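These are my notebook entries on one structure. I set down what I looked up and what I found.

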Amino acid sequence: MAWYKDSKYISVNHHANFDKLHSPGDSPPDSGIFRCEGCGKEISHTKSSTLPPQNHHQHTATQGKIQWRMVVCAENDA
């Protein structure tokens, strides 16, 4: 789970991009922190790169396939 110390740097946003699931190798439109839906592993990601490949980490059969969800978006227009 992503943590933060000072709430003055974080605000709630209900943008649809938080609901999208991304596969390994995808290029999401935003930079931020992404969480694997199956195992909870988190990574930081910049929008100029692709998400890690399938072999980045392994899942058990019960964890299902690797899918990434953005949990924190980094605002780049500041």
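Which residues make up the largest nonpolar core? I found F18, F34, C36, I43, L51, I66, W68 and M70, 8 residues in all. I took a nonpolar core as a set of buried Ala, Val, Leu, Ile, Met, Phe, Trp, Tyr and Cys residues joined through side-chain atoms within 4.5 Å. The elements that give two or more residues to this core are β2 (31–36) and β4 (68–74).

I note that the model is predicted: local features need pLDDT of at least 70, side-chain atom pairs count only at pLDDT 80 or more, and totals for chains, interfaces and linings use all residues. Residues are numbered from 1 along each chain as its sequence is written, and side-chain values use heavy atoms, with hydrogens and water left out.

Entry on the fold. I counted 0 helices and 4 strands (DSSP runs numbered from the N terminus, H or I of at least four residues for helices, E of at least two for strands). I looked up the pairing of strands, which requires at least two DSSP bridges between them. β2 and β4 run antiparallel and are joined by 6 bridges; S31 has A74 in β4 as its bridge partner. β1 (residues 21–22) also runs antiparallel to β4, through 2 bridges, and H22 stands opposite W68.

Entry on burial. Of the 78 residues in the chain, 24% are buried (under 20% relative accessible area; exposed is over 50%, partly exposed in between, with a 1.4 Å probe and protein chains only).

Entry on the cysteines. I searched the whole structure for disulfides (pairs of cysteine sulfur atoms within 2.5 Å) and found 0. C39 is in none, its nearest cysteine sulfur being that of C36, 3.8 Å away. The sulfur of C73 is 19 Å from the closest cysteine sulfur, in C36, and therefore too far for a bond. I found C39 partly exposed, at a relative accessible area of 34%, and C73 partly exposed, at 34%. I then listed the contacts of C36 (heavy atoms within 4.5 Å): beyond its neighbours within four places in sequence, these are K41, H57, H59, I66, Q67 and W68.

Entry on the largest pocket. I recorded a volume of about 570 Å³. Of the 21 lining residues, I10, S11, F18, V72 and C73 are the closest to its centre. β4 gives the most to the lining, with 5 residues. A pocket here is an open set of points on a 1 Å grid over the protein atoms alone where a 1.4 Å probe fits, with protein on both sides within 12 Å along at least five of seven lines; lining residues have an atom within 4 Å of a point. Points are joined across faces, edges and corners, and the volume is the space filled by probe spheres set on them.
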